[in-house]
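Hi,

Here is the structure you were waiting for. Have a look at it first, and then read on for my notes.

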Amino acid sequence: ILERCLTIYENHFGKNHIRIDEAISNLSITLAFFDEKEKRKKLLKKLLELKKKFYGENHIKTNLARHNLSLVYINFEKYDKAIEIMQKTSYDTINL
């Protein structure tokens, strides 16, 4: 159902519209419960790019997307990639 929801949002708003971020987030959370790591990684990469585009590199929402993507890499036991992603996180910036 959530995959269909994402498709509807993308068709209505466009694939690069910030409104689809909620659908992507919800779907990625659901995929975590079904151990769909590869699909989740793909979605979270897309979500991170959307957040960077609309909020900027150091926004708290971008940092949260970055954090969630790094957790997927930890699940894949790709610790170097997780560290690389997290090192780009700005902890001293709070842009709400």
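The mean pLDDT of the protein chain is 84, and 91% of its residues reach 70 or more. Confidence is highest in helix H5 (residues 79–86), with a mean of 93, and lowest in helix H1 (residues 2–13), where the mean is 78. As a rule, where pLDDT is low, the predicted coordinates should not be read in detail.

Now the packing, starting with H2 and H3. Helix H2 covers residues 21–33, and helix H3 covers residues 37–55. Their axes are 9 Å apart and the packing angle is about 155°. Over 145° counts as roughly antiparallel, so that is how H2 and H3 run relative to each other. Their crossing is left-handed. On the H2 side, the residues in contact are Asp21, Ile24, Ser25, Leu27, Ser28, Ile29, Leu31 and Ala32. They meet Lys39, Arg40, Leu43, Leu44, Lys46, Leu47, Leu50, Lys51 and Tyr55 of H3. Sorted by class, the residues of this contact come out as ten nonpolar, two polar and five charged.

H3 contributes Lys37, Arg40, Lys41, Leu44, Lys45, Leu47, Leu48, Lys51, Lys52 and Tyr55. Facing them in H4 are Lys61, Thr62, Ala65, Arg66, Asn68, Leu69, Val72, Tyr73 and Asn75.

H4 in turn packs against H5. The axes of H4 and H5 come within 8 Å and cross at roughly 170°, which makes this pair roughly antiparallel as well. From H4, the residues involved are Arg66, His67, Leu69, Ser70, Tyr73 and Ile74; from H5, they are Tyr79, Lys81, Ala82, Ile85 and Met86. By class, the contact of H4 with H5 has seven nonpolar, two polar and two charged residues.

Which residues does Leu48 contact, leaving aside its neighbours within four places in sequence? They are Thr62, Ala65, Arg66 and Leu69. Leu48 lies in H3 and counts as buried, at 8% relative accessibility. Its C-alpha is 9.5 Å from that of His67, a residue 19 places away in sequence.

Is Thr62 buried or exposed? It is buried, with a relative accessible area of 0%. Not counting residues up to four places away in sequence, Thr62 touches Leu48, Lys51, Lys52, Tyr55, Gly56 and Glu57.

Over in H1, look at Glu10. This residue is buried, with a relative accessible area of 13%. Beyond residues up to four places away in sequence, Glu10 touches Lys15, Ile20 and Lys46. The C-alpha atoms of Glu10 and Thr89 are separated by 28 Å, and the two residues are 79 apart along the chain. Do keep in mind that H1 is the helix with the lowest confidence in the chain.

Asp35 has a positive phi of about 55° although it is not a glycine. Asp35 is in the loop between H2 and H3 and counts as exposed, at 56% relative accessibility. Glu77 is another non-glycine with a positive phi, in this case about 60°. Where is Glu77 found? It is in the loop between H4 and H5, and at 59% relative accessibility Glu77 counts as exposed.

That's what I have for now.

Cheers

How values were computed. Residues are numbered from 1 along each chain as its sequence is written. This is a predicted model: local features need pLDDT of at least 70, side-chain atom pairs count only at pLDDT 80 or more; totals for chains, interfaces and linings use all residues. Side-chain values use heavy atoms; hydrogens and water are left out. Buried means under 20% relative accessible area, exposed over 50%, partly exposed in between (1.4 Å probe, protein chains only). Contact means heavy atoms within 4.5 Å. Axes are lines fitted to C-alpha atoms, for helices over the stretch in contact, and angles run from 0 to 180 degrees between N-to-C directions. Helices (H or I, at least four residues) and strands (E, at least two) are DSSP runs, numbered from the N terminus. pLDDT is the predictor's confidence in each residue, from 0 to 100. Angles under 35 degrees count as roughly parallel, over 145 as roughly antiparallel, 65 to 115 as roughly perpendicular and the rest as oblique. Ala, Val, Leu, Ile, Met, Phe, Trp, Tyr, Cys and Pro count as nonpolar, Asp, Glu, Lys and Arg as charged, and the others, Gly among them, as polar. A crossing is left-handed if the near helix is turned anticlockwise from the far one by less than a right angle, and right-handed if clockwise.
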